[in-house]
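Me: I'd like a close look at one part of this model: the aromatic ring pairs and their surroundings. Please keep it as one connected walk-through.

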Amino acid sequence: MANEPISSAEEIEEAFQRARSAWYQTRPRGLAGDFDGVQKQLDLLGKAWQRAGQHPTVPRPVAGVENPLEAVGKALRAVDGHASVLAGQDLWAELREARAATKAVRNTATSLAGDAFWGQLRNNQEWRTFWHRAEANSSAAYARLSAALADRLEGTSSEPRTQAAVAALRDLQNAAAEYSTRLREADPDKAMAAEASSEQVKADLDRMHHPYTGYGPLGGAAHSQEDLRRIHREVVQASRKVTDRYSEWIATDSGKSALRSSASVVRAFRQAWKDLPPENHPGGPTSLWDAAGRYGKVAATAHAMAQAVRHQNSVPAAEVALLDALADDAHAHASRLVRTLPPGNDPSARAYRSPGEALETGQDVAGDFRTWRGSDMAKKLLQHPNDPRVRAFGSAWRGLLRTPNHSAAFDARSAAVAYAEAAKQTRLIAEAAEKSVRYPYKGSDIEELRRVAAAAEKHAGRLAAGSPPHSVVPSSPALERRREQSASLGAVTPGTPLPDRPGAVRPGVKGAGLG
């Protein structure tokens, strides 16, 4: 079909004016100048739309889908899985740039608006109208670029990998064309989506502060045995995915030569890979953090190798892309491992500002427990030392009642595990005491024990919420590549998000928009 601009210059400027208007309506006087950072991303987004508009338009598919936004997200992730086949294609680079530019506008706006103002900005009518039009344009860009790339690859190779990549691109073409058409058919001033709930706004901010969530159905928390089993399954699956990336790369010529190389960067990678835990490791709360550090080292050393061969121009781009994918997936796995919390913890808990504050709160919780030990209920429980529930209860608290060593390094993760276990055993005792007929206990003592359990649980959550030290999970390889690419061009773009990791699913992005 004929080439037509995705949107006219006047329509693009009008949409951007909506974003500016929303910003100035939301931000307090004196801080509105922060919009300069958003404006830079808007300029890049407009250029991405213009480049995509040079490719033929894509008709709406005959068969529609019930939820085209979800279909676009699924298709984008599927295409990412074929990054090694698409590497080196200029249209693939254009598609990634269009996605990055779309994400950059929202990510930069979220970051600059901050916790205090993002909720107001997201629900501002002008901003919602702007974002409606932005998603229509970006999804049209995805449709055109994926169609053009599929057209180019189709018939060039009969290899199954190439054919699978073409099929994934066609799925993206159809889903994006359908979504763009539906958005254009709806008047953005009248057919807007419902305002974001407080939970959705919080999810946006959580993605900004912690782009990777933990494993499991609750974003890293576990409140039942089934939650723990699911976390275990997801951890094992992700570990195998990293191994598969390694196997794919090691089978290449550059991978085989790495087995024989004596270069320091290669030796460091081999040692990091050797130090990984078994794929099917038990994955207890503390061992997950240790595993995160090990996968983080694999990510850092794989990235260092990729950068070395990239600078030497000695390895085919497709093989370097495989090494990049290994580094990215190892980093993503490490980031999710370190965000997987001890059982019973709340992902929304606020972290302590310092180890001193955490230690003081722990002493307060232990003091509450000591006070309860003077109750009639506690004295009666001491008469049943052989009851397994009483033994588990006493064992959980025994180590927490010791005077903390302020001169020793504070291990917040281990403390979180310990306090979560104490909270769990305390609740079990309170529930058993409430149901007991043979041994009646005072209601006031049971209620006081419940308060102790709640305090221990809250303390455990705040301990677990603390950001891990940088030594556990190093800087993202994808971010490092983007910085180096920007530096080589002589300019660094503020607010630019991480490029999408080939084949990796960014968790928790439902409702976050395109890209």
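Reply: Phe16, Trp49, Trp118, Trp127, Phe130 and Trp131 are joined by ring pairs into a cluster. A pair here means Phe, Tyr or Trp rings (the six-membered one for Trp) with centres within 6.5 Å; planes under 30 degrees apart are stacked, over 60 edge-to-face, the rest tilted. This is a predicted model, where local features need pLDDT of at least 70 and side-chain atom pairs need 80 or more, while totals for chains, interfaces and linings use all residues. Numbering starts from 1 along each chain as its sequence is written, and side-chain values use heavy atoms, without hydrogens or water.

Across the whole structure, the search turns up 15 aromatic pairs. Take Phe16 and Phe130: their ring centres sit 6.3 Å apart with the planes at 65°, so this pair is edge-to-face. It bridges distant parts of the chain, since Phe16 belongs to helix α1 and Phe130 to helix α6, 114 residues apart. Helices are DSSP runs of H or I with at least four residues, strands are E runs of at least two, and both are numbered from the N terminus. Buried or exposed, what is Phe16? Phe16 is buried, because its relative accessibility is 4%; Phe130 is buried too, at 0%. (Buried is under 20% relative accessible area, exposed over 50%, partly exposed in between, using a 1.4 Å probe and protein chains only.)

Skipping neighbours within four places in sequence, Leu42 is in contact (heavy atoms within 4.5 Å) with Phe16, Ala19, Phe35, Val105 and Phe130.

The 18 residues of α1 (residues 9-26) should span 26 Å at 1.5 Å a residue, and the end C-alpha atoms are 26 Å apart, so the two agree; the expected span is 1.5 Å times one less than the number of residues. Besides Phe16, the buried residues of α1 are Ile12, Ala15, Arg18, Ala19, Arg20, Ala22, Trp23 and Thr26. Among the elements covering them are α2 (35-52), α5 (90-122) and α6 (125-153).

Zooming out, the protein has 19 helices and 0 strands. Of its 515 residues, 48% are buried. Residues 24 or more positions apart account for 81% of the contacts with a separation of 6 or more.

On confidence (pLDDT, the predictor's confidence in each residue, 0 to 100), the protein averages 80, and 81% of the residues score at least 70.
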